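Have a look at the sequence and the model first.

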Amino acid sequence: FSNAIEDCTACLTASPDNVKALFRRAVAYEKNGSKAEATQDYDTVLKLNPTIEEASAGYQRCAGKAWRPPPSKKARGPARQLTQEDLANIAEVEGRVKDVARQKKQAQEKAMAAQREKRSAELMSKVLGETPAEHGIYR
């Protein structure tokens with residue numbers, strides 16, 4: 001098994017997240033009696049891909065307990081309470097967002113009105129046989 005361990009280690013030097021090489025080295029370590037190294041490799045495999053059942057079973061054999069994913073970084077404890085200043089800042093930002101949304105809506109409505117006016121002038125010119133400029137539509 002030492003050749004397999006060496007080959008997998010060489011592969012992992014070039015590609016440290018190679019799940020296949022990590023798993024094969026973990027199996028080789030386990031067969032070789034190096035449970036600590038096998039446990040470490042199984043753990044790494046499971047962190048990269050927690051759905052590999054054979055790695056989970058290997059981890060349990062070597063560590064003597066079921067594998068558990070590490071706690072998420074978000075679960076660091078209770079969130080801090082917002083201060084009145086925080087709430088005021090949030091309200092100010094929300095107000096700015098609403099103003100920008102209102103301005104955008106007004107600009108879109110203005111653009112649509114201009115397009116309707118232009119289209120109306122073009123249709124009128126077809127009906128009357130005159131150019132829109134003669135009607136004073138385009139300024």
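Start with Arg25, which is buried, with a relative accessible area of 14%. Here buried means under 20% relative accessible area, exposed over 50% and partly exposed in between (1.4 Å probe, protein chains only). This is a predicted model, where local features need pLDDT of at least 70 and side-chain atom pairs count only at pLDDT 80 or more, while totals for chains, interfaces and linings use all residues. Residues are numbered from 1 along each chain as its sequence is written, and side-chain values use heavy atoms, with hydrogens and water left out.

Arg25 sits in helix 2 (residues 19-32); helices are DSSP runs of H or I, at least four residues, numbered from the N terminus. Leaving aside neighbours within four places in sequence, Arg25 is in contact with Ile5, Cys8, Thr9, Leu12 and Asp41, where contact means heavy atoms within 4.5 Å.

Three of those names turn up again in helix 1, whose buried residues are Ile5, Cys8 and Leu12. Seen down the helix axis, the buried residues fall within an arc of 70°, so they line one face of helix 1; the arc is that of the directions from the axis to the C-beta atoms. That buried set packs against helix 2. On the other side of helix 1, the exposed residues are Asn3, Glu6, Asp7, Ala10, Thr13 and Ala14.

Asp41 leads us to helix 3, where it is one of the buried residues, along with others including Tyr42 and Leu46. The buried residues of helix 3 pack against helix 2 and helix 4 (53-63).

Notes. Helix = DSSP H or I, 4+ residues; strand = E, 2+ residues; numbered from the N terminus.
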